[in-house]
Amino acid sequence: VCSSDLGCTSMASALHESQVLSFCIFKPELGQKEGKEHLKLLYYKPEDVTTNRKVRNIGLCEAIINFTKTFSPDKPCEAVHTNDRRQVFFEPESGIWMVLTVSIPSVEIINNGDRSMQRCDKHVQDVTLLAALRKSYDMFKLFNGTFLNIEAMYGVENLKKKLDKFYSKYINAVEVSKLDIFSVLQGIQFLPLDKTMYLKVHSFVNLIETTFRNILHSVFLYGDQLVWSGLEQDDTKIFYQYLLGWLFPSQLGSDYLALLLPSTALLQQSMQQQSSATTSLPRSSFASMKPTNQAQQPGSFFGLGDGRDAKMSIVYITTDGKTSIFRLLVYTIGGATLCMFIENEKGSPGEFCRRLETFLSPRLLQLSQHLAEFSNKPKLPSLEQPPYRYVYFNEMNLAVKSPLMYRQVSTLPADMMRLLVEINLDYDWVEEGETVIRTMVDYWLVARKSGHRRFMVLLNQRSSNFSEINEEIKRLCQREFINIFFLD
């Protein structure tokens, strides 16, 4: 295999991808006295490391942070580069630091019979690692609250237990090689609706929250697209990432869209079954973890045990600057998913779920049919390769649109995906502008920023000139973004 990405003509073995080497959370003020340095440590992975080595590693991290504060008190070190690893630093709360260390990818080069390892440091980007670190904190906070609040209410030891329980699973799921532009943007796909359809959804959500007064907030999705959210934007963003990145795949499998978006005929069959049995829904819907047929099983609560002993997840939601504890229920039927945030539920959770499902299921199924008809029988994106790949992002509402989000459709080279990350990072520092690049592998990249909107498109048209590419971009904008203003 010739490693063109390394800029050489030597033969190279398969790429050894970047891996997480270590991850730690520490609070320097807890171990100020000599011999008590280990008290600073709140969480450390890998676990099979001696305490002395853990203390030395976080001591080095603390030294780097204190040294860089000399030059930038408000924004100390964010990343450290060495020959074989990359380290990123994040301070999510005052005085508490998170540090992630990953290996640099490498390939074995064979040149005239001589073997040597060559590092591919450009394959690891600081901004994607920092985005992964921030996301891990946001996920922890969603289900546990803030570090400092846990420490204040339950003590340091309980904080350590919560960190261990959460991150021991979470960090194992982090795949450094798959971090990309969407890991940085953490955008939301919205379902475009007209006023009439949007009012139907709004009225439905109001009906649920009015009938069940302890449901204070709701989030409504159709497929993997957001339709309505009663949460603040930051909570909506991280909860949306949780649904698509964790809950849906864990409950339905990797091709969850195929299960979430059944055909209209299947919906109509479900409607007929529902109309004949709206008051006696099967208890199996509580226990289902992988619905296999929407017609056989009209709807499902995600993540619950047996209906008689259902346990709802606890989440921490911020409203008007105040964090409150809610119980989470996620119900899906016919492609529509309603996430409900419940306050102070008393009595049997199983009984509440049965009453809720009896009221909710026929109405949500009917609404999902209307959405399916409005969306013209939605399905997975076509497997036919379009002549371009684009990414659109709106900073104000976090809206993102791109065929690259569907990995089964995307065949974009990894170096082109990294180029998108670099261009996006450059646009963090400007209000508006345009960039046109022709790469060595015959891709054209055109990027624009206008106000809070960013637009990047890649075209693989080696025979085209600048004028032809510009005309192609205009046609693309007219076809895909007719109602969105961009600079010409």
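Select Leu 398 to begin: at 10% relative accessibility, this residue counts as buried, where buried means under 20% relative accessible area, exposed over 50%, and partly exposed in between (1.4 Å probe, protein chains only). Leu 398 lies in the loop between strand 15 (388-394) and strand 16 (400-401); helices (H or I, at least four residues) and strands (E, at least two) are DSSP runs, numbered from the N terminus. Although Leu 398 is not a glycine, its phi is positive, about 65 degrees.

The model is predicted: local features need pLDDT of at least 70, side-chain atom pairs count only at pLDDT 80 or more, and totals for chains, interfaces and linings use all residues. Residues are numbered from 1 along each chain as its sequence is written, and side-chain values use heavy atoms, with hydrogens and water left out.

Next, select Asp 320, in the loop between strand 12 (313-319) and strand 13 (322-333). Asp 320 also is not a glycine and has a positive phi, about 55 degrees. Is Asp 320 buried or exposed? With a relative accessible area of 74%, Asp 320 is exposed.

Move to Pro 46, in the loop between strand 3 (41-45) and helix 1 (51-69). The peptide bond that leads from Lys 45 to Pro 46 is cis, with omega near 10 degrees. Most residues other than glycine have a negative phi, and most peptide bonds are trans.

The aromatic rings come next. The structure holds 20 aromatic pairs. Select Phe 67 and Phe 71: their ring centres are 5.3 Å apart and their planes stand at 75 degrees, so this pair is edge-to-face. Rings of Phe, Tyr and Trp (its six-membered ring) pair if their centres lie within 6.5 Å; planes under 30 degrees apart count as stacked, over 60 as edge-to-face and the rest as tilted. Both Phe 67 and Phe 71 are exposed.

Then select the cluster linked by ring pairs: Phe 23, Tyr 43, Phe 90, Tyr 137, Phe 140, Phe 147, Phe 166, Tyr 167 and Tyr 170.

Continue to Arg 363, whose charged end sits over the ring of Phe 359, 3.8 Å from its centre. This description requires NZ of Lys or CZ of Arg within 6 Å of the ring centre and within 35 degrees of the ring normal.

Finish at Leu 425, in helix 12 (residues 414-426). Leu 425 is partly exposed, with a relative accessible area of 37%.
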